[in-house]
Amino acid sequence: TAIKQNEEEDRAYVKASLAEKYARAEERALVHEVERDDEIKANRLKHVERERERRATVEKLREDEEDWKLGVSLRQKAALAKAEVVAAKGVEEKARVAHEQRLLREEEHRRKAERIRREDEDRRRSAEEEIHVKDLRSHAVMREKEEEVRKSRDVARASEQLRMRILGSDPNRTFGLSKNRLS
């Protein structure tokens, strides 16, 4: 009884819910269909308007062409001839300017190449001078070392000679540490 009543209420709620969802879906479908129809109509109107504008443009172009054909006169022919002369002068001027620019670019290129050659020569000369200075320093250092070695050998030779003289005069003498110095 209460359970049946709850089940019936649940069924009624589900039916109402489904009916409401169905109604909303149907409404959305109807709105979509109306929007689609409106869009199709608008597109057709745009197409018709574009076609009308195209025809009007074609007609205007035909009229303009006829006017142009009818309007060609001696004065227009003279204007065309003058325009051709002006255009030819313009072409000649452009060619002259292009030629001058090319000559300027070539001259600039030559100047840059010469500057680069001079810079390379200066760098080479500078490097050679640095090498020469380093060689001179190296030789000077080598001479100083040789002089020091020679002096050391002379001192050692003199020391050896003095030692030999002393040993020759006093055979009991030693050059090591004496017992008196250790105490």
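Visitor: What pattern does the protein follow along the sequence?
Guide: The pattern reads α-α-α. Keep in mind that this is a predicted model.

Visitor: How many helices and how many strands, then?
Guide: Three helices and zero strands. Helix H1 covers residues 2-71. Helix H2 covers residues 74-169.

Visitor: What share of the residues counts as buried?
Guide: The figure is 0% of the 183 residues. The cut-off for buried is under 20% relative accessible area.

Visitor: And the accessible surface, what does it come to?
Guide: About 17600 Å² for the protein. Carbon and sulfur atoms account for 56% of that.

Visitor: Let's go to patches. Which residues make the nonpolar surface patch?
Guide: Tyr 13, Val 14 and Leu 18 make it. The patch has an area of about 340 Å².

Visitor: Where is Tyr 13, and is it exposed or buried?
Guide: Tyr 13 sits in helix H1. Its relative accessible area is 60%, so it counts as exposed. The exposed class begins over 50%.

Visitor: Which residues gather in the patch of negative charge?
Guide: Glu 33, Glu 35, Asp 37, Asp 38 and Glu 39, on the surface.

Visitor: Take Asp 37. Where does it lie, and what is its relative accessibility?
Guide: Asp 37 is in helix H1. Its relative accessibility is 35%, so Asp 37 is classed as partly exposed.

Visitor: Switching to pairs. How many salt bridges does a search of the whole structure find?
Guide: The search finds 23. Side chains of opposite charge can pair when their charged atoms come close.

Visitor: Which residue forms a salt bridge with Glu 106?
Guide: Arg 102 does. The closest N and O atoms are 2.9 Å apart.

Visitor: Why can those two reach each other? How are Glu 106 and Arg 102 placed in the helix?
Guide: Glu 106 and Arg 102 are four residues apart in helix H2, so about one helical turn separates them.

Visitor: What are the relative accessible areas of Glu 106 and Arg 102?
Guide: Glu 106 has 32%, and Arg 102 has 34%. Glu 106 is partly exposed. Arg 102 is partly exposed too.

Visitor: Next pair. What is the N to O distance between Arg 117 and Glu 114?
Guide: It is 2.4 Å, in a salt bridge between their side chains. Both residues lie in helix H2, three residues apart, about one turn.

Visitor: What about accessibility for Arg 117 and Glu 114?
Guide: Arg 117 is partly exposed at 45%. Glu 114 is partly exposed at 31%.

Visitor: Now Arg 125. Which side chain meets it in a salt bridge?
Guide: Asp 122, at 3.2 Å from N to O. Arg 125 and Asp 122 are three residues apart in helix H2, so they are separated by about one helical turn. Arg 125 is partly exposed at 39% relative accessibility. Asp 122 is partly exposed, at 43%.

Visitor: Which residues do salt bridges with shared partners join into one network there?
Guide: Glu 121, Asp 122, Arg 124, Arg 125 and Glu 128.

Methods
Residues numbered from 1 in each chain as written. Predicted model: local features only at pLDDT ≥ 70, side-chain atom pairs only at ≥ 80, totals over all residues. Heavy atoms only, no water. Patch = residues over 30% accessible without salt bridge, like charges linked within 9 Å, V, L, I, M, F, W, Y side chains within 5 Å. Areas by Shrake-Rupley, 256 points an atom, 1.4 Å probe, with all protein chains shown as cover. Salt bridge = Lys/Arg side-chain N within 4 Å of Asp/Glu carboxyl O. Helix = DSSP H or I, 4+ residues; strand = E, 2+ residues; numbered from the N terminus. Buried < 20%, exposed > 50% of the residue type's maximum accessible area, 1.4 Å probe, protein only. Lys, Arg positive; Asp, Glu negative; His and termini not counted. Charge placed at Lys NZ, Arg CZ, Asp CG, Glu CD.
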